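Take a walk through this model from its overall make-up to its details. Keep the sequence and the coordinates at hand.

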Amino acid sequence: MKEDFYDILGISKGASASEIKKAYRKKAIKFHPDKNPGDKEAEENFKKAAEAYEILSDPDKKARYDQYGHQAFENGGGGGGFGGMNMDDIFSQFGDIFGGGGFGGFSGGGSQGQRRVKGSNLRIRVKLTLEEIAEGVEKKIKVKRKKQAKGTTYKTCSTCNGTGQVVRITNTILGRMQTAAPCNVCGGAGQQIDQKPSNADAQGLVVEEETVSVQIPAGVQDGMQLKVSGKGNDAPGNGISGDLLVAIEELDHEKLQREGDNLHYDLYISISDAVLGASKEIETVTGKVRIKIEEGVQSGKILRLRSKGIPSLNGYGKGDLLVHVNVWTPKTLNKEQREFFEKMKEDNHFEPNPEKNDKSFFEKVKDMFS
Ligand code: ZN
């Protein structure tokens, strides 16, 4: 007859998840094989506790166990032995219980295997015009990166014998513990340099200039960072190359100002153009366009040119180009001009008389952001 999981951990059926965890922690410490070398009974108890915890810590399995007992996990087999858990499984639980690190396996085991060492990342800045940002652009960038020198050969690391790990034994409150740490001679790669050309550094790397092509999607923003995988520094041996991190810098545009995906353009028109209407050429990120200024336009009017802004980075649509109409007032006048304006001054027709739909500047700005 198999022992009840709750009895094994010494808890009642109604125990909470944290009580289950606490109880298991206690048993694991008490029966840990490193603390009870050669004690078969302790090892059995250690395994039993691990198995009980494996079931009771999983809400799904716990529910099945609570309803059907051990039968829930015995698919036809004759019972007896402990369900599928081996010592490796048990130790892998510990990260969860003891908060990472801490325990290693019994004898290195190699379950973690070799670490693949990664080369360091490189960082560069790339300056882009608004036009380039609007269209997306391919940039060829010269990068000085460390590359594996030709003619470098490797041999198995003599410090860790190629495992990439060194095992350390420490005394802790749980008893004598084995911990595995990456080998600091080979950096965990398990290999060290045998022969290298004279121009290579200690890791068998040489600095070379390479032209890297970077695809910059439309809609990027100042301060964004793009990653080109594998174009950073190479790693020694069988490691993985680092990445090239490309920081975006947006150059100021002479005429256009960016705000998110929208662009703003300040258009200055003369008093006569405002009165009589005009056709004006303005700059956009995709070339010049002509726009019509209706006669009687008010200074401060904002004309919205749909989809003449910056494409959104996620590919959904484009921003708009907002043209701000400013009526230019001359600062100096000759005698004739002065007479002309003085005449107008007497005419009631030129008295400001805003209609309801001539929104104030603040209302327009409010509209723009709503
Ligand atoms: Zn090593």
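A contact here means heavy atoms within 4.5 Å. In the protein chain, residues 24 or more positions apart account for 66% of the contacts with a separation of 6 or more. The model is predicted: local features need pLDDT of at least 70, side-chain atom pairs count only at pLDDT 80 or more, and totals for chains, interfaces and linings use all residues. Residues are numbered from 1 along each chain as its sequence is written, and side-chain values use heavy atoms, with hydrogens and water left out.

The protein chain holds nine helices and 15 strands. These are DSSP runs, numbered from the N terminus: helices are H or I with at least four residues, strands are E with at least two. Of the 370 residues in the protein chain, 35% are buried. Buried stands for under 20% relative accessible area, exposed for over 50%, and partly exposed for values in between, with a 1.4 Å probe and protein chains only.

Start with the metal. Which residues hold the zinc ion? Its protein donors are Cys157, Cys160, Cys183 and Cys186, each through SG, at 2.2 to 2.3 Å. Donors are N, O and S atoms within 2.8 Å of the metal (3.2 Å for Na, K and Ca); water is not among the atoms, so sites may look incomplete. Along the chain, the donors of the zinc ion follow the spacing C-x2-C-x22-C-x2-C. The angles among the four donor atoms run from 103 to 116°, and the site is tetrahedral. Ideal angles for four tetrahedral donors are 109.5 degrees. Cys183 and Cys186 are both buried.

Asn161 sits in the loop between strand S3 (153-156) and strand S4 (165-172). Its phi is near 55°, a positive value in a residue other than glycine. Asn161 is exposed, with a relative accessible area of 62%. Another loop joins strand S6 (191-195) and strand S7 (205-216), and Ser198 lies there. Ser198 counts as exposed, at 77% relative accessibility. Ser198 and Thr152 are 46 residues apart along the chain, with their C-alpha atoms separated by 10.0 Å.

The largest nonpolar core has 36 residues, and Ile216 and Val323 have the most contacts inside it. Such a core is a set of buried Ala, Val, Leu, Ile, Met, Phe, Trp, Tyr and Cys residues joined through side-chain atoms within 4.5 Å. Apart from this core lies another, of 20 residues, with Phe5, Ile11, Ala15 and Phe31 among them. In soluble globular proteins, nonpolar side chains tend to be buried together. What does Ile216 touch, not counting residues up to four places away in sequence? The list is Val126, Leu128, Gly136, Val137, Lys139, Leu226 and Ile248.

Next come the sheets. Three strands form an open sheet in the order S1-S9-S8, with mixed pairing. Strands pair if DSSP finds at least two bridges between them. Strand S1 (122-128) and strand S8 (225-228) are the edge strands, each pairing on one side only. Neighbouring strands of this sheet are turned by 30° against each other on average, direction ignored. Axes are lines fitted to C-alpha atoms, for helices over the stretch in contact, and angles run from 0 to 180 degrees between N-to-C directions. S8 and strand S9 (residues 244-250) run antiparallel and are joined by four bridges. Leu226 stands opposite Val246 in S9.

The loop between S9 and S10 contains Lys255. Lys255 is partly exposed, with a relative accessible area of 39%. Beyond its neighbours within four places in sequence, Lys255 is in contact with His264, Tyr265 and Glu283. Lys255 and Asp266 are eleven residues apart in sequence and 7.5 Å apart in space, C-alpha to C-alpha.

S10 and strand S11 (residues 262-270) run antiparallel, joined by four bridges. Glu259 has Asn262 in S11 as its bridge partner.

Finish in the loop between S14 and strand S15 (321-328), where Ser307 lies. Ser307 is not a glycine, yet its phi is positive, about 60°. Ser307 is partly exposed, with a relative accessible area of 40%.

Note on methods: Four donors count as tetrahedral if all angles lie between 85 and 135 degrees; four count as square planar and six as octahedral if opposite donors are over 155 degrees apart and all others between 65 and 115; anything else is irregular.
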